[in-house]
Amino acid sequence: MNPGCPECGRELAVLEVLLRRNLWGGGGPRPRPEQWWECTRCDWLGYRRRVDEELRPMRRLTGEEADCFFCGDEGNASGRAWEQDGELRAWMVCLACGTSNQIRVEKRS
Ligand SMILES: [Zn+2]
Ligand SMILES: [Zn+2]
């Protein structure tokens, strides 16, 4: 059964996020290791690593921030920022090509 949306309670829909880059061994695109979900009612987006883990929200980026550095598509989504070594960092995933990386977030004062 699909989990319910943390925002509005509607059953979430599976969002397929495929790794389309660095395909070693000549294989085709393969799903990312996390389970990805989206809400068709309120556009909530998020993932979880395991079935018994809580859902972690992600945010689709807009404008220039949405452009993926790797594939050029507007697919970037980012998670909640955390502080590390005095910097704000966030996890960014391109929903188009499946590439994930850590980014440094500008502190907004
Ligand atoms: Zn929702
Ligand atoms: Zn991409």
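Q: What makes a contact count in the protein chain, and what percentage of those between residues at least 6 apart in sequence join residues at least 24 apart?
A: Two residues are in contact if their C-beta atoms, placed from the backbone, lie within 7 Å. Of such contacts between residues at least 6 apart in sequence, 32% join residues at least 24 apart. Keep in mind that this is a predicted model, where local features need pLDDT of at least 70, side-chain atom pairs count only at pLDDT 80 or more, and totals for chains, interfaces and linings use all residues. Residues are numbered from 1 along each chain as its sequence is written, while chains are lettered from A and ligands numbered from 1 in the order in which they are written.

Q: Why is Ala96 called partly exposed?
A: Count the C-beta atoms, placed from the backbone: 20 or more others within 10 Å of a residue's own makes it buried, 12 or fewer makes it exposed, and in between is partly exposed. Ala96 has 18 others within 10 Å, so it is partly exposed.

Q: Which residues does Ala96 touch, not counting those up to four places away in sequence?
A: Cys68, Cys71, Asp73 and Gly75. Ala96 itself is in the loop between S9 and S10. As for Asn76, it is 20 residues from Ala96 in sequence and 7.8 Å away in space, C-alpha to C-alpha.

Q: How do you know that S9 and S10 pair, and which way do they run?
A: Strands are DSSP runs (E, at least two residues), numbered from the N terminus, and two of them pair if DSSP finds at least two bridges between them. Six bridges join S9 to S10, and the two run antiparallel, so they meet the pairing rule. They make a hairpin with five residues between them, and Gly98 in the turn has a positive phi of about 80 degrees. Arg89 stands opposite Arg104 in S10.

Q: What makes strand S10 "hardly covered"?
A: S10 spans residues 100-105, and the count of buried residues among its six is zero. Over the whole protein chain, 19% of the 109 residues count as buried.

Q: What makes a set of residues a nonpolar core, and which members of the largest one touch the most others?
A: The members must be buried Ala, Val, Leu, Ile, Met, Phe, Trp, Tyr or Cys, joined through C-beta atoms within 7 Å. The largest has 15 residues, and Val93, Cys94 and Leu95 touch the most other members. Strands S4 (35-38) and S9 (87-94) each supply at least two residues, with S9 giving the most, three.

Note on methods: Helix = DSSP H or I, 4+ residues; strand = E, 2+ residues; numbered from the N terminus.
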